[in-house]
Amino acid sequence: MAIGNDIVDLRLPDNRKHERVHAYAQKCCAWPERSWLLSQPDPLGAFWWLWTLKEAAYKALRQLGYPAFQAASRLVVEIANPFESARIHYAGMVLHGTSEATEDYIHSIVVSDAKLGYMYRLAPSTHSTACVPNGYSVSKGPAGFPVLLNTETNAQQACSKSHDGKWQSLVWCTG
Amino acid sequence: MNAEEIKSEVILILKKYTRKEEVWETATDDSSIMEDLKINSARLVDIVLDLEDRFDVEIDDEAIDNIITIKDAIQAIEARVT
C-alpha cells in the first residue's frame with residue numbers, strides 16, 4: 001500500500017503565473033487534460049488541481065518501487081469530479097485521489113488502493129512538526145521514503161509530506 | 001554559443017528559482033537541482049520552460065526525466081544547440 005500527497009499554495013507569486021498556463025498544459029498534461037483545463041474559467045487553478053494529483057500519485061508510485069521520472073505528462077488524470085476526486089493512470093496502474101480546493105490552497109491525496117484508510121493533517125505553519133500527531137515522529141524508512149513512527153511502539157506507517165509556501169501537510173495510512 | 005556561455009545562462013535561470021542564496025556556496029555541476037538547490041518540482045517545470053525560451057529549443061519528456069543535476073540541465077541544452 002502506498003500514499004502520496006501534494007499541496008500548492010495558491011497565494012504564492014510563483015503559482016500565479018497565469019500567462020504560463022498554456023505552456024504548463026503543453027508540458028505537463030495529456031491532450032484530454034489540456035482540453036479540459038483550458039476550457040475552465042480558471043485554467044491555472046485547474047492546472048494546479050491536476051498537478052497536485054500527479055505529484056501525489058508520483059510519490060505513491062515511488063513508494064511502490066516504480067522508478068523515478070520527472071515528466072508530469074506521463075501521469076494522466078481521469079477527470080470525473082473536478083477538484084474533488086479522480087483516478088490517476090500510469091503504465092497500467094490506477095491510483096485514487098481526493099482533493100480539497102480552497103481560495104488559499106489545493107491539496108490532493110492519492111492512494112494505491114481505493115479501500116485504503118488514511119488520515120491527514122494540514123497546517124498553515126512554517127514549523128516543521130506542526131502536522132505530526134502527538135506520540136509520533138516522521139523519519140526516513142529503509143527505502144528512503146518518509147514513515148510515521150510511533151515513538152512508543154516503534155510501529156511504522158507509510159506517510160507522505162508536502163510543503164508549499166505557507167502550507168504544509170502530512171498524510172498517513174491507517175490500514 | 002560556447003559551453004561556458006551555456007553554463008552561465010543555465011545557472012542564471014536556476015538562480016531565479018532558488019530561495020536561499022547559500023545553496024550556491026557549495027553547489028557543483030553534480031549538485032541535484034531538487035535536493036541540493038531546494039527547487040521543487042513545480043519550479044522545475046518553470047526552469048524547463050525558461051530554458052526552452054532562452055535557447056529556443058524543445059526539451060521533451062525523456063530529456064526532462066534525465067535532468068537531475070545542474071550538469072544534466074547544461075547537457076540537455078548543449079545537445080540541442082550544438
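I began with strand E1 (residues 3-9) of chain A and found seven of its seven residues buried, so the strand is largely enclosed by the rest of the structure. I note that the model is a predicted one.

I then checked which way the E1(A) residues point. A:Ile3, A:Asn5, A:Ile7 and A:Asp9 point one way, A:Gly4, A:Asp6 and A:Val8 point the other way, and all are buried.

I looked up the pairing of E1(A). It runs antiparallel to strand E5 (residues 105-111) of chain A, with seven bridges joining the two. For A:Asn5, I recorded A:Ile109 as the bridge partner in E5(A).

Next I turned to the largest nonpolar core, which has 37 residues; those touching the most other members are A:Leu37, A:Phe47, A:Trp48, A:Trp49, A:Trp51 and A:Leu75. Among the elements that give it two or more residues I listed E5 of chain A and helix H2 (41-55) of chain B. H3(A) supplies the largest share, 13 residues.

I listed the contacts of A:Leu37, leaving out residues up to four places away in sequence: A:Val21, A:Ala25, A:Cys29, A:Pro43, A:Ala46, A:Phe47 and A:Leu50. I also noted a second, separate core of 27 residues, including B:Val10, B:Tyr17, B:Leu37 and B:Ile67.

Finally I examined H3(A). The helix is mostly covered, with 17 of its 21 residues buried. At 1.5 Å a residue, its 21 residues should span 30 Å, and I found the end C-alpha atoms 30 Å apart, which agrees. After H3(A) comes A:Gly65, for which I recorded a positive phi near 100°.

Note on methods
Residues are numbered from 1 along each chain as its sequence is written. Chains are lettered from A and ligands numbered from 1 in the order in which they are written. This is a predicted model: local features need pLDDT of at least 70, side-chain atom pairs count only at pLDDT 80 or more; totals for chains, interfaces and linings use all residues. Side-chain values use heavy atoms; hydrogens and water are left out. Buried means under 20% relative accessible area, exposed over 50%, partly exposed in between (1.4 Å probe, protein chains only). Helices (H or I, at least four residues) and strands (E, at least two) are DSSP runs, numbered from the N terminus. Two strands pair if DSSP finds at least two bridges between them. A nonpolar core is a set of buried Ala, Val, Leu, Ile, Met, Phe, Trp, Tyr and Cys residues joined through side-chain atoms within 4.5 Å. Contact means heavy atoms within 4.5 Å. The expected span of a helix is 1.5 Å times one less than its number of residues.
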